[in-house]
Amino acid sequence: MKFYSTRDKSHLHRLPLTEAAFAGLAADGGLFMPERIPLVDMKRVEKLAECSYAEMASYLAQQLFDDVPADVVKQVVHEAYDFPIVMNHLGDNFYNLELFHGPTFAFKDFGARFMGRMLNHLCGEEPLTILTATSGDTGSAVAHGFYGVEGVRVVILYPDGKVSPLQEAQMTTLGGNIFPLKVRGNFDDCQRMVKSVFRNQSLRGRIRLTSANSINLLRWIPQSFYYFYGYCIWSYMTGRDFPEVVVPSGNYGNLTAGMLARRMGLPLKGFVAASNANDVVPEFLQTEQYHPRASVHTLANAMDVGDPSNFERMMTLCGNNVKALQTEVRGFSCDDKQIAESMAEIYNKYDYVSDPHSAIGYLASKQLDVDGFYLSTAHAAKFGEVVKNSLGIQPQLPDVLHESMLKSRGFDIIEANESVLEDFLLKM
Ligand SMILES: *Cc1c(COP(=O)(O)O)cnc(C)c1O
């Protein structure tokens, strides 16, 4: 299997897996796509899903990563997915797939943990440094995804005072191969420093560097696997078929991974792109006009994206046919007041504490009368303040999160300056 860029209309410049994975973004600025989408045997998927998530995911991963030995794929998947995935029946016709039982309590663990283990296999003997800037959530998922992976070091830049205490604890209490750098600046400074290092060819000649950006194909592709699992359990629980899946969306990696699953033969009716006030994609589905813009801050802040990177994947997957996309994906958006009201409604009606992102999934399911399930992307305790303000109760932190809050933190503090970062990398 080779990978082409969304911006390469000829599909002629295809890269092998290792090169595409290390590059992250294609040289022309596009995102990598598999050259062909394998059709899977759904009977087999259903059988394997009965055994375990990892068994099912191994089979699916082998279809897409066919240049990697099957036993390696199997090991990668089994190591990555050692945590539960739960289909919850909220009540009435509401089902939600809880994707937040991994180490950082958000669905990004599914992509980050797979990527960590697969990169370790692909990089062979030569040590590899992952360099990434974060405004909070990505950093903790990447840190945990690569923690303890041999031959890989992770350097994470985050802005001083701009990430939550819980996010900081998740990045800075691991130690080992994780090197957090607290930058005296904002997120844009962090991102600028990382980009400048990636442009520095002489430095890149001396250190083997890659990013763990969310658009990396190794993070994107494994997110298609849980749609299969959700389908199997939902159809078993309800006795129905062709569910529609509601996806709380920001950068649209999650939703486009679902579109990939559907093209692999998963019988889904389609999707709902559920967004907060950052509604470029729902607006596009309605008006056929795409107007990327600066993001606005909302209660569901992991979805505050004004110019979603994966829009290119979405268009590529539907063959740039807007009408086809409108048939497959329905749009939905809501404001902060509706998010808070939904969280309260879920709590009062179903005695279930929801985080703000997943609550948008619930609201979309209700207002669009969805027959299917919505994805729950984060544990409520990760957004304790928002939950407290909406419900008046403080959600209980899971034990591991609570413990990490109590552990001592290790990080270096650096100025927001490119050369300081380069020195740090060379001295490591
Ligand atoms: C990243 C994230 C999202 C949005 O996912 P995309 O793939 O960027 O659309 C939704 N909810 C939570 C909790 C997230 O961390």
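User: How many disulfides does the count come to?

Analyst: The count comes to 0 disulfides, a disulfide being a pair of cysteine sulfur atoms within 2.5 Å. Cys 51 is in no disulfide, and the nearest cysteine sulfur, which belongs to Cys 232, is 11 Å away. Please keep in mind that this is a predicted model, in which local features need pLDDT of at least 70 and side-chain atom pairs count only at pLDDT 80 or more, while totals for chains, interfaces and linings use all residues. Residues are numbered from 1 along each chain as its sequence is written, and side-chain values use heavy atoms, with hydrogens and water left out.

User: Is Cys 51 buried or exposed?

Analyst: Cys 51 counts as exposed because its relative accessibility is 57%, whereas Cys 334, at 5%, counts as buried. The classes are buried for under 20% relative accessible area, exposed for over 50%, and partly exposed in between, with a 1.4 Å probe and protein chains only.

User: OK, on to the ligand. Which residues come nearest?

Analyst: Of the 15 residues around the ligand, Lys 108, Gly 250, Asn 251, Tyr 252 and Thr 377 come nearest, where near means that one of the residue's heavy atoms lies within 4 Å of the molecule or strand in question.

User: And what distance separates a ligand oxygen from a polar backbone atom of Gly 250?

Analyst: That distance is 2.8 Å for Gly 250, and for Asn 251 a polar backbone atom is likewise 2.8 Å from an oxygen atom of the ligand. For Tyr 252, a polar backbone atom and a ligand oxygen are 2.9 Å apart. A polar contact here is a pair of N or O atoms within 3.5 Å; within protein, one must be able to donate a hydrogen and the other to accept it, and residues adjacent in sequence count only if both atoms are side-chain atoms.

User: Switching topic, where is Thr 298 found?

Analyst: Thr 298 is found in the loop between helix 13 (280–287) and helix 14 (311–317), and with a relative accessible area of 3% it is buried. Helices (H or I, at least four residues) and strands (E, at least two) are DSSP runs, numbered from the N terminus.

User: What does its side chain do there?

Analyst: The side chain of Thr 298 has a polar contact of 2.7 Å with the side chain of Asp 304, and one of its polar atoms lies 3.1 Å from the backbone nitrogen of Ala 300. Leaving aside neighbours within four places in sequence, Thr 298 is in contact (heavy atoms within 4.5 Å) with Asn 276, Ala 277, Asn 278, Asp 304 and Asp 336.

User: Which residues have the most contacts inside the largest nonpolar core?

Analyst: They are Phe 65 and Leu 218, in a core of 98 residues; a nonpolar core is a set of buried Ala, Val, Leu, Ile, Met, Phe, Trp, Tyr and Cys residues joined through side-chain atoms within 4.5 Å. A second, separate core has 27 residues, including Val 246, Ala 300, Ala 344 and Leu 363.

User: Now strand 5. What is it paired with?

Analyst: Strand 5 (residues 94–98) pairs in the antiparallel sense with strand 4 (residues 86–91) over 5 bridges, and in the parallel sense with strand 13 (residues 372–376) over 3 bridges. Strands are taken to pair if DSSP finds at least two bridges between them. Leu 97 in strand 5 is the bridge partner of Met 87, and the bridge partner of Leu 97 in strand 13 is Leu 375.

User: Why is strand 5 called largely enclosed?

Analyst: Strand 5 is largely enclosed by the rest of the structure because 5 of its 5 residues are buried. Both faces are covered, with Phe 94, Asn 96 and Glu 98 buried on one side and Tyr 95 and Leu 97 buried on the other. In a regular strand the side chains alternate between the two faces of the sheet.

User: What about the turn between strand 4 and strand 5?

Analyst: The two strands form a hairpin with 2 residues between them, and Asp 92 in the turn has a positive phi of about 45 degrees.

User: Last one: what is the strand order in the open sheet of 5 strands?

Analyst: The order is 9-6-7-8-14, with parallel pairing, and the edge strands, strand 9 (209–210) and strand 14 (412–415), each pair on one side only. Inside that sheet, 6 bridges join strand 6 (residues 128–133) to strand 7 (residues 152–159), and Ala 133 stands opposite Leu 157 in strand 7.
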